Amino acid sequence: MTKTKAENFDVVISGGGVVGMTLASALAQNGITVALVEYSDIADSLNEKFDGRSYAISYAPFLMLKTLGLWDRVGHEAQPITEIHITDGHSPLFLHFDERDLGDGPLGQMVEVRHLRAGLFEAISDEKNIALINPDHITDIKTAPGASHLTLESGKKITCALVICAEGRGSALRTRMGLKVKSWDYHQTAIVTTVKHERDHAGTAYERFYPSGPFAILPLRHRRSSIVWCEPPERAKTIMGLSDAAFDAELAKKFGDFLGEVKHLGLRWSYPLTSQLADDYLGTRFCLIGDAAHGIHPIAGQGFNLGLRDIAALAEVLVDTKRLGGDLGSEFTLERYVRWRRTDNNILAL
């Protein structure tokens, strides 16, 4: 029987979402060879029907993406956030944040996930230090001194110094590696859609807090906004089942008429809202990143930003270790990353 020869990489990233692709690009640009393994065919996720969400990218992660040369690929349709209004329902009183008061430019950049995926996929496809393996997934990991030996569902064998799990909240690999999480259920469901309105939003984001849950209006380009509408699960299920006309009528009650007539653009999604934190980020030659390590309520718009800050920290640790000839998968190396990120993640999650 012929044995399959193992391919060798510095790092294997399991999970080809926006966090996994961004991390792969950051590492590869600095001479670290990466195998990016994804369960599904990433090309299938490059249309707007796949996700529907938009992310508010804050200033520091924006600078990181720009430094990596990724912003030109993902930010061509970005909408700067110039102001933020926060109110209790339709109260005339509000908290107000204005970019002119802070002086560092926009308060954030709204980017649709479909544009992020497409731009990042283009970037990793052009990078010689990244091998994209999809659709496939890791079925077995055996560790030995100096390396981990992986077997994939396809039968492919891989050897690497470190396995990074970027599979998101429901990670099967995290469970396989014995890392537990603590979870909290908000007993709410987020309804996500994009709306078109008559008047321009002038780059202003609105967050309203109703008894049934928060409601966010996040500016996009071309007189559109992304809506994150939180309701108790049963009510959210009812709203999701409404006809287009009835859905728009319910939407108008929450949205108001300050931007004129508002209509959703056909597609709607819903997501149960939970929060979770991993008890530990590390296993033997293994670490968690992004939502696999922590997941928070979307209303603050910080979930993806936490993942980007994880990437900045882990990439710096691994690139420094590579430059000095160290072991990328050693506990000493990875503890630097955990010390850097755990407190920040815990504060925002809790």
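Predicted model: local features only at pLDDT ≥ 70, side-chain atom pairs only at ≥ 80, totals over all residues.
Local features are described only at pLDDT of at least 70 and side-chain atom pairs only at pLDDT 80 or more, whereas totals for chains, interfaces and linings use all residues. Residues are numbered from 1 along each chain as its sequence is written, and side-chain values use heavy atoms, without hydrogens and water.

I begin with the core. The largest nonpolar core has 72 residues; such a core is a set of buried Ala, Val, Leu, Ile, Met, Phe, Trp, Tyr and Cys residues joined through side-chain atoms within 4.5 Å. Buried means under 20% relative accessible area, exposed over 50%, and partly exposed in between, with a 1.4 Å probe and protein chains only. The members touching the most others are I13, L27, I57, I164, I289, L314 and Y337. Helix α9, residues 303–323, supplies the largest share, nine residues. Helices are DSSP runs of H or I with at least four residues, strands are runs of E with at least two, and both are numbered from the N terminus. Apart from this core lies another, of 15 residues, including F215 and F255.

I turn to strand β11, residues 157–165, where L162 is placed. L162 counts as buried because its relative accessibility is 0%. Setting aside residues up to four places away in sequence, L162 is in contact (heavy atoms within 4.5 Å) with residues including D10, V11, F286, L318 and L334. With neighbours within four places likewise left out, the contacts of I164 include V11, I13, L27, I289 and L314.

Next comes helix α2, residues 59–67. Its residues P61, F62, M64 and L65 are buried. They lie on the same side of α2 because they cover an arc of only 160° around the axis, taken from the directions from the helix axis to the C-beta atoms. These buried residues pack against α1, β3, α3, β7 and α9. K66 and T67, both exposed, sit on the face turned away from the buried side. After α2 comes G69, with a positive phi near 75°.

Finally, I consider α1 (residues 18–28) and α5 (residues 113–125). Their axes come within 9 Å and cross at roughly 30°; axes are lines fitted to C-alpha atoms over the stretch in contact, with angles from 0 to 180 degrees between N-to-C directions. V18, M21 and T22 of α1 meet L116, R117, L120, F121 and I124 of α5.
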